[in-house]
Amino acid sequence: MTEDYLARIGKLIRDARQHRGWTQLQLAEALNTSQSAVNRIERGNQNISLEMIARIGEALDSEIVSLGYAGPMHLRVVGGRHLSGSIDVKTSKNACVALLCASLLNSGRTVLRRVARIEEVYRILEVLSSIGVRTRWINDGADLEIVPPAELDLDAMDADAARRTRSIIMFLGPLLHRMDRFKLPYAGGCDLGTRTVEPHLAALRRFGLDITATEGTYHAVVDSSVRPDRPIVLTERGDTVTENALLAAARHDGVTVIRNASSNYMVQDLCFFLEALGVRVEGVGTTTLTVHGVAEIDRDVDYSPSEDPVEAMSLIAAAVVTSSELTVRRAPVEFLEIELAVLEGMGLDYSVSPEYTADNGRTRLADVTVRPSKLEAPIDKIHPMPFPGLNIDNVPFFAAIAASAHGSTLIHDWVYDNRAIYLTDLNRLGGRLQLLDPHRVLVEGPTRWRAAEMMCPPALRPAVVVLLAMMAAEGTSVLRNVYVINRGYEELAERLNSVGAQIEIFRDI
């Protein structure tokens, strides 16, 4: 391995570590090596094996290089181009991973239509396959078939795949009905600060689940005699917390009332899927869900998850920051109404087609056409709220939008500890964002975007925001190591190219 390659690999490792917010000592402890060894690796002064590179990538949840196939993916973006035409929204990432976890409730065959082909889904499929669930893509890869075994082999679980997705936490609800004792690796996913699982455990204790955590593993013991004897009040109105409670209630042979429940899009899709399994759910779309569970579920089911409102917002933001006229088709408009109202208040020129129904027969869709507009900063701050408020995952897109508007915009991302910090990466591209504290960013606009080469932030939505700013910047930018974008978006670069972007995918190791 040449010194040039060692130096380039060392720089990738250093950038990935710094974006994760780790010190050299923290990385050394994760690798069971010394800080001085990490320092030599980052300076390109130490030979390093492919195995060690792969271990570093796993520790940092960053695809530095991968054994068995080509190295990390990067994007080269020629910016300053206007988008035009129309683009379809893909099915919901968050709904798809919840439905994959929910398939463990069913002893029969589950078919999910138009499942998002994204890394987050692949990680869950790797976990399911490792424990004996048969999964295969059918209909030319458009749909996914899932057939569980009579007995799951949890001891064979692919722990590496499980640790790379926070969605693994949603195995708790289904598994507590299948076995008295089991283990799960700690949940991973985006680097968004401390995200406690205590609300999950508090809800699931009502079904007899007791968890102890040791050495990176949840150890679960289930007392099947424990049954919820009063309404379950969630201590946070979280999406995955609500989904876990629903998954546990689905096979509880009785009536479970869940209060302070999320009514967000992925929760509604899960409720519709449970109804297809024969579980009656009252109050869908509200904060009180009443679940009429069944002890056994064994039926062949065919279900189509709805489109992703966060991806729809990504595409709307792409049109806004590039001053383009673009039609975003199949947008789940009922989950975008607050966002569109805020954009209208900022001066966005857009129109919405008559509504029609998604393939699940329930969700309302529409085509949203965005036109070039002169935007003004909103009077009030941008902040998320549980549905029907502005979606938590849509807040980062307003950083790029606000940077395109005239005036000062305060963004208060109160949910996550670190995500607002990653938004300041836009300053590398000419943005003027001031971090007031870990949750608040002041954005000054308008922005004259400029090209840059930089490492992809380790959080999904801020990473896409950086990509959108690169599309608006004159010149050629490079966004390195975009695994995190592939976690949540299917062929995003190719699809943006189809409406006028110029984004090249390349690998350099």
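Which residue in S23 is the bridge partner of Leu-75? The partner of Leu-75 in S23 is Ile-505. The structure is a predicted model, in which local features need pLDDT of at least 70 and side-chain atom pairs count only at pLDDT 80 or more, while totals for chains, interfaces and linings use all residues. Residues are numbered from 1 along each chain as its sequence is written, and side-chain values use heavy atoms, with hydrogens and water left out.

**Domains**

- The chain is assigned domain 1 (1-60), domain 2 (73-90 + 307-507) and domain 3 (93-303); these bounds come from an automatic or database domain assignment.
- Between domain 1 and domain 2, the C-alpha centres are 32 Å apart.
- Five residues from domain 1 and seven residues from domain 2 make up the contact, where contact means heavy atoms within 4.5 Å.

**Interface of domain 1 and domain 2**

- About 500 Å² is buried between domain 1 and domain 2, and carbon and sulfur atoms give 69% of this area; buried area is the accessible area (1.4 Å probe) that two parts lose on being put together, summed over both.
- On the side of domain 1 that touches domain 2, the residues comprise two nonpolar, one polar and two charged. Here Ala, Val, Leu, Ile, Met, Phe, Trp, Tyr, Cys and Pro count as nonpolar, Asp, Glu, Lys and Arg as charged, and the others, Gly among them, as polar.
- Zero salt bridges are found across this interface, a salt bridge being a side-chain nitrogen of Lys or Arg within 4 Å of a carboxyl oxygen of Asp or Glu.

**Strand pairing**

- Strands are DSSP runs (E, at least two residues), numbered from the N terminus, and two strands pair if DSSP finds at least two bridges between them.
- Strand S1 (residues 74-79) pairs in the antiparallel sense with strand S23 (residues 503-506) over four bridges.
- S1 also pairs in the antiparallel sense with strand S22 (residues 475-480), over five bridges, and Val-77 stands opposite Ser-477 in S22.
- S11 is joined to strand S12 (residues 288-292) by three bridges in the antiparallel sense; Arg-280 has His-292 as its bridge partner in S12.

**Salt bridges**

- The salt-bridge rule gives a count of 29.
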